[in-house]
Amino acid sequence: MQSFYRPSSRLFSTTTPWLAKKTKKTVKQEAAILLGRPSNNLKMGVVGLPNIGKSSLFNCLTNSSVPAENYPFCTIDPSEAKVEVPDHRMDWLTSAYKPSRVTPAHLTVLDIAGLVKGAAQGAGLGNMFLANVGHVDAIYHLVRAFDNDNVAHVENSVDPLRDMSIIQEELRLKDEESLERQLAELVKLAKFPDTKRALLLTRKEELAVVEKVANYMAQGHDVRQGAWDGVDVQVINTLHLLTAKPMVYVCNMSEEDYLHGNNRWLPEIEAWVRSNHAQDRVVPLSVPFETKLAAMNKEEATDYLASVSTRSQLPTLILAGYRALHLIHYFTCGQQEVRAWTVRDTAKAPQAAGVIHTDFERGFISADVIKYTDLYTLKSEAAVRSAGRFLQKGKDYTMEDGDIVHFKFNVTGTKKK
């Protein structure tokens, strides 16, 4: 297998000798900080080489109709749509509360045009496409694992391992270019006294972290592979690096291979991911199969899936994006609305309340919590209370997936400046 790793020509040396004398960090990060910038409006980008089924997969996910032609760069501006996050708990809560309005969680998906070798240097409109990757929170990396003489391959042959290496390298090279610019700016700023800043670090401390990240990447590594401490992650999250984004690898195989559960490339793809990014997940699917399914109504699709003894992989794919970002759902329920809210799995109760409104976090008092499994088993809030399963939690409570919550808060006066 041909290697597509190209040692970096950029050398990121420590430009400030006083850094070598520093023996201790002045900022201690007690709570773990995760890479990324999650929000309640999470965005996933579908990325890969041209002509591998990205737009067709996007159409299946969103039931929209963007071009899906058999030639490179048929998608230039990224198409964007929202797809509902599947959750059986939402269905049951809706039947239990019978609300006037139901608001499930939604995942925003972007169909980003195909990247090619040399994209980091602008090949194939690469700079614009890589900028679009920078606007998403995580990446669905679609890989072609099917032979079809009627569908051209930009590299003239089907080789998923080569294709994955090309994308990985282009994202990494773009990050190195970005770090080089930011380092030059920080070196200049570090010469001057620090002013009021969002980060609780001096410019010199920030520069030390950025140099550490740059040197790590210059060795051919992606940022999300590194063992970073809390201070490192605090800085990395301000750099908006492409290789820091969680990635879900999507193996696009033929319909025949999917139905038979046998694809010759899948074991090699899984082995490559384990070797290069052990924390990332591989989801096998068939875009032609999903496209056929998407064209059916619900009853037809149910009958067809039963006849071929299989299921759609789209729910698995959507949830894989959430898991990659360490996200969970909690619910607010009542007769007016049942709604799912998305937070990080490390979120404390006040942070979760702040997703609804900043005043909820600022004036947080407590959270009344019912576990979904308790409500499902006992059937009503009154029964949960009678069973002693109604919980009142304070500001140190870490939210759990499926919590049904009512927040108590009080905001008086104006926020201190």
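Predicted model: local features only at pLDDT ≥ 70, side-chain atom pairs only at ≥ 80, totals over all residues.
I began with Tyr330 and Phe407, and both are buried (under 20% relative accessible area, with exposed over 50% and partly exposed in between, using a 1.4 Å probe and protein chains only). Residues are numbered from 1 along each chain as its sequence is written, and side-chain values use heavy atoms, leaving out hydrogens and water.

**Entry: aromatic pairs**

I searched the whole structure and got ten aromatic pairs. For these, rings of Phe, Tyr and Trp (its six-membered ring) pair if their centres lie within 6.5 Å; planes under 30 degrees apart are stacked, over 60 edge-to-face, and the rest tilted.

I looked up Trp92 and Tyr372 next: they pair edge-to-face, with 5.9 Å between centres and 90° between planes. Trp92 lies in helix α2 (residues 88-97) and Tyr372 in helix α14 (residues 372-378), so this pair links parts of the chain 280 residues apart. Helices here are DSSP runs of H or I with at least four residues, strands are E runs of at least two, and both are numbered from the N terminus. Why does Trp92 count as buried? Because its relative accessibility is 17%. Tyr372 is buried too, at 10% relative accessible area.

Back to my opening residues: Tyr330 and Phe407 also form an edge-to-face pair, 5.8 Å centre to centre with 90° between the planes. Tyr330 belongs to strand β8 (residues 327-333) and Phe407 to strand β12 (residues 403-409), 77 residues apart.

I also noted that Trp92, Tyr372 and Tyr376 make up one aromatic cluster.

**Entry: charges over rings**

Lys379 has its charged end over the ring of Tyr376, 4.6 Å from the centre (NZ of Lys or CZ of Arg within 6 Å of the ring centre and within 35 degrees of the ring normal). I found the charged end of Arg339 over the ring of Trp341, at 4.0 Å from its centre.

**Entry: the open sheet**

Which order do the six strands take? I read β2-β4-β1-β5-β6-β7, an open sheet with mixed pairing; two strands pair if DSSP finds at least two bridges between them. The edge strands, β2 (79-84) and β7 (281-285), each pair on one side only.

I followed β2 to strand β4 (residues 106-111): they pair in the antiparallel sense over six bridges. Glu84 has His106 in β4 as its bridge partner.
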